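Could you look over the following model with me before we discuss it?

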Amino acid sequence: MTDRFHHPSDREARSAARAKALESLLIEKGIITDRTVDTVLKVFETKMGPFNGAKIVARAWADPAFKRRLVEDTPAAIAEMAGMNDLPAGMAGAEGEHMRAVANGEGVHNLVICTLCSCYPWPVLGLPPYWYKDPTFRSRAAREPRAVLKEFGLDVPETVEVRIWDSSAQIRWFVVPERPAGTDGMSETELAALVTPEAMMGVAVSKAG
Amino acid sequence: MLTRFEQSAVTSMMGAGDHPPRANGTLCFASDWERAAFGVALALARDGHFEWDEFREKLIAAIGDWERAPDGSSWSYYEQWLTALEATVVQCGLATPEELSARLALAAD
């Protein structure tokens, strides 16, 4: 099982065969089924991930009243969308209770960090990028957010206040970025495609197209 | 707080040396076998066949072996994952090395 294959395509074929052998053997023994892999991956690919956050932000862009409700009572607004089957069930459950949205705009840019732990609103943002848990990023973002944002390519004007939100086990923050110009008449689905996890962390802004 | 096993398992790797490749908040799989290897490992740990940390220890060891290997083979995260998964499956008695080899030989025909 440990042969080294030097030709890349041989190695790839060998790995594919090993994975297939392992999976089929476990299926034959009744330890897993032929649907197990898809069931596990469904959690990551369709139930919990940045596509949920993007849908929430797109709804907020399309409906200012929803945006107000989202910022005032995030779990209730998320429950509202789940109730209309626009978000998977469970989003508004125990995990959703801890989520709080903050909106960019009107002279404010929000940045989410976590100085204590790896608290991250996974159901709406997906998996954190490698730098999120980096102690240097966390401490520098808290101390000199404008300089850190500039390194991300985001120049926040001096007239705009930068607010830092420190996620914790109690509250997990996410940012509602500003709706980009030039998106009038777009559907919520089209708008959702413009929302990135970075924008919902506040290290980027959303752009049209 | 209600936490899914899948979430806590993957989150536990974030910031550690064995974190899986990801982009834009999602996992990155270069091929179906990588996806299958990932899904099988999570399902077996979720169902209690072994502790997630037991698998992670083997994964970290496999990554360490690759780093020390002198043969210059290019890096593949999920190759190390597969090696760790085979070792864990054998260690917890779900399959023997002979069964895995036989199955692999069968697939090669």
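This is a predicted model: local features need pLDDT of at least 70, side-chain atom pairs count only at pLDDT 80 or more; totals for chains, interfaces and linings use all residues.

1. Residues are numbered from 1 along each chain as its sequence is written, while chains are lettered from A and ligands numbered from 1 in the order in which they are written.

2. Chain A holds ten helices and four strands, where helices (H or I, at least four residues) and strands (E, at least two) are DSSP runs numbered from the N terminus. Their order from the N terminus is α-α-α-α-α-β-β-α-α-α-β-β-α-α, and the C-alpha trace of the chain spans about 60 × 40 × 35 Å along its principal axes.

3. Chain A is divided into domain 1 (8-44) and domain 2 (48-201), with bounds that come from an automatic or database domain assignment. Taken over C-alpha atoms, the centres of these two domains of chain A are separated by 35 Å.

4. Of the 209 residues in chain A, 40% are buried, a residue being buried if 20 or more other C-beta atoms lie within 10 Å of its own, exposed if 12 or fewer, and partly exposed in between, with C-beta atoms placed from the backbone.

5. Between the chains, 40 residues of chain B are in contact with 38 residues of chain A, contact meaning that the C-beta atoms of two residues, placed from the backbone, lie within 7 Å. On the side of chain B that touches chain A, α2(B) gives the most, with eight residues.

6. Helix α2 (residues 36-47) of chain A packs against α2(B) at an angle of about 90°, with the axes 8 Å apart; the axes are lines fitted to C-alpha atoms, for helices over the stretch in contact, and angles run from 0 to 180 degrees between N-to-C directions. The two helices are therefore roughly perpendicular, a term that covers 65 to 115 degrees. Among the residues that meet here are A:Val37 and A:Leu41 in α2(A), and B:Ala36 and B:Val40 in α2(B).

7. A:Glu178 lies in the loop between β4 (172-176) and α9 (188-192) of chain A, and A:Glu178 counts as partly exposed because it has 16 C-beta neighbours inside 10 Å. Leaving aside neighbours within four places in sequence, A:Glu178 is in contact with A:Asn104, A:Gly105 and A:Val205.

Notes:
Angles under 35 degrees count as roughly parallel, over 145 as roughly antiparallel, 65 to 115 as roughly perpendicular and the rest as oblique.
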